[in-house]
Amino acid sequence: MLIALLTDIHGNREALSACLAHTRLIGVDRLIFLGDFVGYGADPAWVVDQVRGLVDKGAIALLGNHDAAIDGSDEDMNSVAREAIRWTRNQLGLEQRRFLADLPLIHEEGSVLYVHANGYAPRNWDYMSGPMEAIRHFSRVDAHITFCGHVHVPMLYHMSTTAKVGAFSPVGDNDIPLLPSRTWLAVIGAVGQPRDGVPAANYAVFDTARQTLRYLRVPYDNATAARKVREAGLPEKLALRLEEGR
Amino acid sequence: MRWRLSPGTEIDGFTLLEHLGTGGMAQLWAVTREGDPTPLVMKIPLLVDSDDPLPIVCFETEQMIMPRLSGVHVPRFVATGPLEPMPYIVMERIPGESLKKHLDAVPLPWPEVVTIGAKVAHALHDLHRQHVIHLDVKPSNVMIRETGEAVLIDYGFARHERLPDLLAEEFREPFGTTPYMAPEQVLQDRADPRSDLFALGVMLYFFVTGKRPFGNPRGGQIRSRLWRDPVPPRALAPDCPPWLQEVILRCLEVDPQDRYATAALLALDLENPAHVKLTERAARLERDGGVKTFRRWLKARKAQPLEAPNIAGQLSRAPIVLVAIDLSPGAEDLAEAQRLMIGRILSIEGEARIACVNVLKTSRIAVDILEDEEGRSLHVQRLVQLRHWGATLDIPSERISYSVLEAPDPAAALVDYARRNNVDHIVIGARASSALRRYLGSVSSQVVAEAPCSVTVVRTPRDRRMADISGEFA
């Protein structure tokens, strides 16, 4: 079975549409969203409605920190993120807000864990931003494979039988075998706000039968997404990020 | 879990037949599977000493890389089993022995060494094209198929450009087999495909002279190859021709930049000794003196390893470009248009190797007259014309070669030449369409259809104008 892993959509309609079209093109069987549906982008309501529709058809959607901030506190956020969250609150109706508030933090299937930020304390939103953070994760989480987002930059961490941790920066369109002898932490790059210098949207496909992971890049109409951010009066920095991918 | 392995034991549908041997890190069994007539071999890593993670990581590396390899130069992958309960890899069993069988017979006659070297170079180029560096090329890891092709086995130390390098991340030490290890491998650089050319150079040196160029060093001694050059092969084996010494010593250069850029270029030289450009390396009869060695030693102290591999990049920097030239009267303008095109390619691809080829069409049935009225060989005449064509290109002579092929079917001959020599790009001229050409079929269109690589079809400005007027093209 092919599972598409999509994360950090951040209200980017153009990026999500392009990724969903791509999943249909390659014949993905299931969708798992790792959170952060809103914040930053200009189309939060549309994105939430899309995801709700997909969840009704069997997709899994998890809670991200921006989703939690809609009905919760935004005090931990930087000023740009906070401004975007405050704008977003006014864009969402009651049902959309309830959908976000009710999202689960984690999803487990066998020895595979799906989560937005990290596996050991999902609600503290610690970033898996380097090997040291990955070691913290591996030392506290039993799952054989963990999929997360939150960092926006794709990265694959793995731990050997002797507890050595390696980091691998994935190159696109390439099936990486997730060997059963290792423990894996796969950080999936952002759909709606890539930050590695490549503006194309990120997502990944996990092949459960072959136990392989493929990181993908999907070019999308980021000019339109950036224009909408400006038209909405959101901070200029958020539009630039979509144009430059950083 | 420890298994007792004996003939008849069944593992995941494979039945063990015969214990073929035990190496440093694995044992090999001939196995069979119901309904599968091909001979198979099962490699079972030795994980007895659980304190040593190396066999596990090598096994994982092979498990990752082998399923992705294909082609005649690698063993066909069949199946693999996880560490628990029983790790193994099943692959095609290559009949025969490895090149290790030659070790007792060294030195070998040099023509035989050249043949082996070319085969291994072709195999390495095919592997590099699949984004993999072998990093443990040595006689026991090369088998020769009954059909003649070299097969590279054992990917325990290999590196795939697009997969995590488990070895580099787990250990902080150089890997490989010390006599064959390239200087950059000693510095823990696992990112350069030219490391495999160094190892092949060690092998050729050993086969020609009967001695290993850097001995069989241990511990810190392996670093000395960063500054100490080997005794020139001709000092040990006087019958080794200067061109072969040139090739071997070029493979053994300390700086990968000074070696062949690709295995394909090495194969080309081994198969075309006349093309080998002799330098001071060919004439050398003793090792470098103290000053030169000392300078290299100083440089080695500062040497830093590369970070990320760029195998595809290295291969594409030094493409082999075949330019097929029509020397018949009236084709001068086309040859000139091709010369301009090659000049443009050379200005972009600074390390490109140009193979100028002309086909002397022979008759399928009649006896050909390959001399003109004055008894001059047509072959030689064509060669002279080819050289004249290439003379004005701004390219060092070692990067351009001239060949005249004699064949009844020019297109087939060009395609075959491209395939045998790992050509990356063919540049061929074509005339605008005509009724006669459509009837006879054009060489260029057949080459475009059948070539194993990219093809650029060149037309002259005059033909382009004609086509604009008449609106038709072949």
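## A parallel sheet in chain B

In this predicted model, chain B contains an open sheet of five strands with parallel pairing, arranged in the order β13-β12-β11-β14-β15. Its edge strands are β13 (400-407) and β15 (454-458), each of which pairs on one side only. From one strand to the next, the twist averages 20 degrees.

Within this sheet, strand β11 (residues 320-324) of chain B runs parallel to strand β12 (residues 353-361) of chain B, and five bridges join the two. Opposite Ala324(B) of this pair stands Val357(B) in β12(B). Helix α14 (residues 410-420) of chain B lies across β11, β12, β13 and β14 (425-429) of chain B, and its direction makes an angle of about 150 degrees with β12(B).

## An antiparallel sheet in chain B

Chain B also holds an open sheet of six strands with antiparallel pairing, in the order β1-β2-β3-β4-β6-β5. Strands β1 (10-11) and β5 (77-81) of chain B each have a single partner strand, so one side of each is left without a neighbour in the sheet.

Strand β3 (residues 26-33) of chain B and strand β4 (residues 36-45) of chain B run antiparallel and are joined by seven bridges. Here, Val31(B) has Leu40(B) in β4(B) as its bridge partner. Strands of a sheet pair through backbone hydrogen bonds, either parallel or antiparallel.

## Overall form of chain A

Chain A has eight helices and twelve strands. Its radius of gyration is 17 Å, close to the 18 Å that the globule rule gives for 246 residues, so chain A is as compact as a globular protein of that length. The C-alpha trace of chain A spans about 50 × 35 × 35 Å along its principal axes.

Of the 246 residues of chain A, 47% count as buried.

## Strand pairing and a hairpin in chain A

Strand β12 (residues 212-218) of chain A pairs with β9(A) in the antiparallel sense over three bridges. In this pairing, Thr212(A) of β12(A) is the bridge partner of Pro177(A). β12(A) also pairs with strand β11 (residues 201-207) of chain A, again in the antiparallel sense, over seven bridges. There, the bridge partner of Ala204(A) is Tyr215(A) in β12(A).

β11(A) and β12(A) form a hairpin with four residues between them. Gln211(A), in the turn of this hairpin, has a positive phi of about 55 degrees although it is not a glycine. With 18 other C-beta atoms within 10 Å, Gln211(A) is partly exposed.

The axes of helix α7 (residues 222-231) of chain A and helix α8 (residues 236-244) of chain A come within 8 Å and cross at roughly 180 degrees. The two helices, α7(A) and α8(A), are therefore roughly antiparallel to each other. From α7(A), the contact involves Asn222(A), Ala225(A), Ala226(A), Val229(A) and Arg230(A), while α8(A) contributes Glu236(A), Leu238(A), Ala239(A), Leu242(A) and Glu243(A). These residues divide into six nonpolar, one polar and three charged.

Met1(A) lies in the segment before β1 (2-6) of chain A. Met1(A) has 9 C-beta neighbours inside 10 Å and therefore counts as exposed. Residues up to four places away in sequence aside, Met1(A) touches Asp29(A), Arg30(A), Thr208(A) and Ala209(A). The C-alpha atoms of Met1(A) and Leu20(A), which are 19 residues apart along the chain, are separated by 17 Å.

## Contact between the chains

In the contact between the two chains, 15 residues of chain A meet 14 residues of chain B. On the side of chain A that touches chain B, β7 (155-159), β8 (165-168) and β9 (175-177) of chain A each supply at least two residues. The residues of that side divide into seven nonpolar, seven polar and one charged.

## Backbone features of chain B

Most residues other than glycine have a negative phi, and most peptide bonds are trans. In chain B, a cis peptide bond joins Val106(B) and Pro107(B), with omega about -5 degrees. Pro107(B) is in the loop between β6 (88-92) and α2 (110-129) of chain B.

Asp154(B), a residue other than glycine, has a positive phi near 70 degrees. Asp154(B) lies in the loop between β9 (150-152) and β10 (159-160) of chain B, and counts as buried, with 22 C-beta neighbours inside 10 Å.

Key:
Residues are numbered from 1 along each chain as its sequence is written. Chains are lettered from A and ligands numbered from 1 in the order in which they are written. This is a predicted model: local features need pLDDT of at least 70, side-chain atom pairs count only at pLDDT 80 or more; totals for chains, interfaces and linings use all residues. Two strands pair if DSSP finds at least two bridges between them. Two residues are in contact if their C-beta atoms, placed from the backbone, lie within 7 Å. Ala, Val, Leu, Ile, Met, Phe, Trp, Tyr, Cys and Pro count as nonpolar, Asp, Glu, Lys and Arg as charged, and the others, Gly among them, as polar. The radius of gyration is taken over C-alpha atoms; the globule rule is 2.2 Å times the number of residues to the power 0.38. A residue is buried if 20 or more other C-beta atoms lie within 10 Å of its own, exposed if 12 or fewer, and partly exposed in between; C-beta atoms are placed from the backbone. Axes are lines fitted to C-alpha atoms, for helices over the stretch in contact, and angles run from 0 to 180 degrees between N-to-C directions. Angles under 35 degrees count as roughly parallel, over 145 as roughly antiparallel, 65 to 115 as roughly perpendicular and the rest as oblique.
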